[in-house]
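Open the model in your viewer and keep the selection tool at hand. The tour goes from stop to stop.

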Amino acid sequence: MLVTTPARTSAAETDLGLTVDAAILIDADTGKILYEQNPDTSLGIASMSKMMTEYILLDAIKEGTVSWDQEYRVTEYTYKMSQNRALSNVPLRADGTYTIRELYEAMAIYSANAATVAIAETIAGTETEFLKLMNKKAEELGLEGYKFVNTTGLNNADLFGMHPTGTGPEDENIMTARSVAKLAYHLLKEHPDVLETSSIPKKIFREGTEDAINMANWNWMLPGLVTEYEGVDGLKTGTTNLAGSCFTGTAERNGTRLISVVMNAVDSTGVDSDKTARFDATAKLFDFGFGQFSKQEVLPENYVFDDKKTIKVTKGKEDRVGISVKEPISLVVKTNEKDLYKPKLVLDKKSLEADVKKGTVVGKVVIERTEGTDLGFIDGKEFSVDVVTSTNVERAGAISLFFQGVGSFFGSVWSGITGFVGGFF
């Protein structure tokens with residue numbers, strides 16, 4: 001299904017001169033957006049779609065419903081698709097069986113299309129049923145502006161008339177750059193081990209057999225490849241006539257990991273003549289991110305607000321309890337803009353009833369930029385950390401509670417009397 005998203009006019013403060021239809025750069029830790037260019041237009045995503053297939057497979061592995069050594073028996077559909085070397089594929093034998101790990105590596109490293117469909121069939125029975133899982137996951141993640149019509153990102157016209165039920169014969173997957181970045185962000189959060197495979201520059205499929213095939217990663221920014229870039233270890237390329245040259249990349253330097261997305265990248269001739277335009281654009285994004293931004297601590301651990309150090313406690317041995325920020329807050333910000341980010345306390349509870357345990361959540365602290373443009377975070381405009389109680393407060397004994405009740409009663413009576421008398425004057 002197509003999920004539409006309202007048009008937005010926000011733009012990056014800096015023009016990087018990218019010749020792309022859309023781009024975005026985020027911090028992989030917090031999801032803070034560092035740069036965006038036309039991030040909310042739905043465009044072709046080609047094989048970047050396979051990140052969703054990877055996500056669902058890794059979920060299934062974690063849940064134990066699928067195992068790495070589980071074997072898949074080739075179907076007529078996957079056999080026919082795998083023989084088309086005009087597409088990215090490792091040929092599968094018609095009577096062959098392959099482990100899920102073999103198929104996953106072929107998909108993640110070589111973008112093998114038949115291997116991708118094979119994984120979908122293993123998990124859901126058919127590619128049509130797997131689309132339901134893709135849409136469900138997209139909804140869970142809050143993606144917008146997307147439409148999935150197959151698992152691979154190919155145009156349905158390349159699927160031999162065997163495209164999923166309910167999709168058009170020439171349909172193709174689309175998504176916004178913002179949603180692609182959000183998908184990659186959550187994939188890395190939930191399954192960081194995806195990088196163990198996406199970072200492999202070259203591997204031999206079925207090494208040592210007569211079916212052995214050299215697989216060179218289409219991500220040419222990996223070490224030893226054509227456009228090598230320090231720190232790059234994933235994630236997924238994509239190319240079709242509709243989508244053009246696309247790439248979702250990630251790189252880590254000095255403890256900071258960035259995620260970038262570029263869509264339909266072209267060179268100075270207006271096309272991607274040497275197939276490096278997407279990597280050139282990605283390099284500009286990473287240069288900007290690593291060169292202009294750094295991870296800085298905005299709030300230290302156990303930070304206490306001067307104007308709100310405690311909140312009220314009822315029925316306790318003490319009538320107030322200290323509150324503080326649960327954990328330190330670090331953000332990737334421009335090096336000279338740290339002081340523009342200030343904490344705002346938002347309390348959910350104004351008082352607690354004893355027993356109160358240390359670490360009880362009473363609200364959150366939101367980091368806000370005081371001036372200038374802020375592009376927000378990939379999961380929304382707000383980034384927050386819990387505010388918690390800093391000590392225990394035991395419940396008062398029966399006698400203490402009695403006198404507290406008496407005091408509260410007479411306090412209420414006295415308040416009523418003064419209010420009544422005040423009405424005469």
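What follows is a list of selections, with a note on what each one shows.

This is a predicted model, in which local features need pLDDT of at least 70 and side-chain atom pairs count only at pLDDT 80 or more, while totals for chains, interfaces and linings use all residues. Residues are numbered from 1 along each chain as its sequence is written, and side-chain values use heavy atoms, with hydrogens and water left out.

**Stop 1: the largest pocket**

Select Ala86, Ser88, Trp218, Thr239 and Thr240: of the 26 residues that line the largest pocket, these are the closest to its centre. The volume of this pocket is about 550 Å³. A pocket is an open set of points on a 1 Å grid over the protein atoms alone, with protein on both sides within 12 Å along at least five of seven lines, and lining residues have an atom within 4 Å of a point. Grid points are joined across faces, edges and corners, and a volume is the space filled by probe spheres set on the points.

Now select strand 9 (residues 232-240), which gives the most to the pocket lining, with five residues. Strands (E, at least two residues) and helices (H or I, at least four) are DSSP runs, numbered from the N terminus. Coloured by class, the lining of the largest pocket shows seven nonpolar, twelve polar and seven charged residues. Here Ala, Val, Leu, Ile, Met, Phe, Trp, Tyr, Cys and Pro count as nonpolar, Asp, Glu, Lys and Arg as charged, and the others, Gly among them, as polar.

**Stop 2: a cavity**

The structure holds two cavities of 30 Å³ or more; a cavity is a set of grid points where a 1.4 Å probe fits but cannot get out. Which residues line the second largest cavity? Select Ala108, Ile109, Ser111, Asn217, Trp218, Asn219, Leu235, Lys236 and Thr237. The volume of the second largest cavity is about 30 Å³. Strand 9 gives the most to this lining too, with three residues, and helix 3 (100-110) supplies at least two.

**Stop 3**

Next, show the open sheet of six strands, whose order is 16-18-19-14-13-17, with mixed pairing. At its edges are strand 16 (341-347) and strand 17 (351-353), each pairing on one side only. Two strands pair if DSSP finds at least two bridges between them.

Start from strand 16, which pairs with strand 18 (residues 361-369) in the antiparallel sense over seven bridges. Pro343 has Ile367 in strand 18 as its bridge partner. Strand 18 is in turn joined to strand 19 by five bridges, and these two run antiparallel. Then select Val388 in strand 19: it is the bridge partner of Val361 and also of Ser324. Strand 14 (residues 320-325) and strand 19 (residues 384-389) run antiparallel, joined by three bridges.

**Stop 4: the nonpolar cores**

Select Val90, Phe148 and Met263, which have the most contacts inside the largest nonpolar core, a set of 73 residues. Apart from it lies another core, of 27 residues, among them Leu18, Val232, Phe288 and Phe290. A nonpolar core is a set of buried Ala, Val, Leu, Ile, Met, Phe, Trp, Tyr and Cys residues joined through side-chain atoms within 4.5 Å. Buried means under 20% relative accessible area, exposed over 50% and partly exposed in between (1.4 Å probe, protein chains only).

**Stop 5: Arg93**

Finish at Arg93, in the loop between helix 2 (76-82) and strand 5 (97-99). Arg93 counts as partly exposed because its relative accessibility is 35%.
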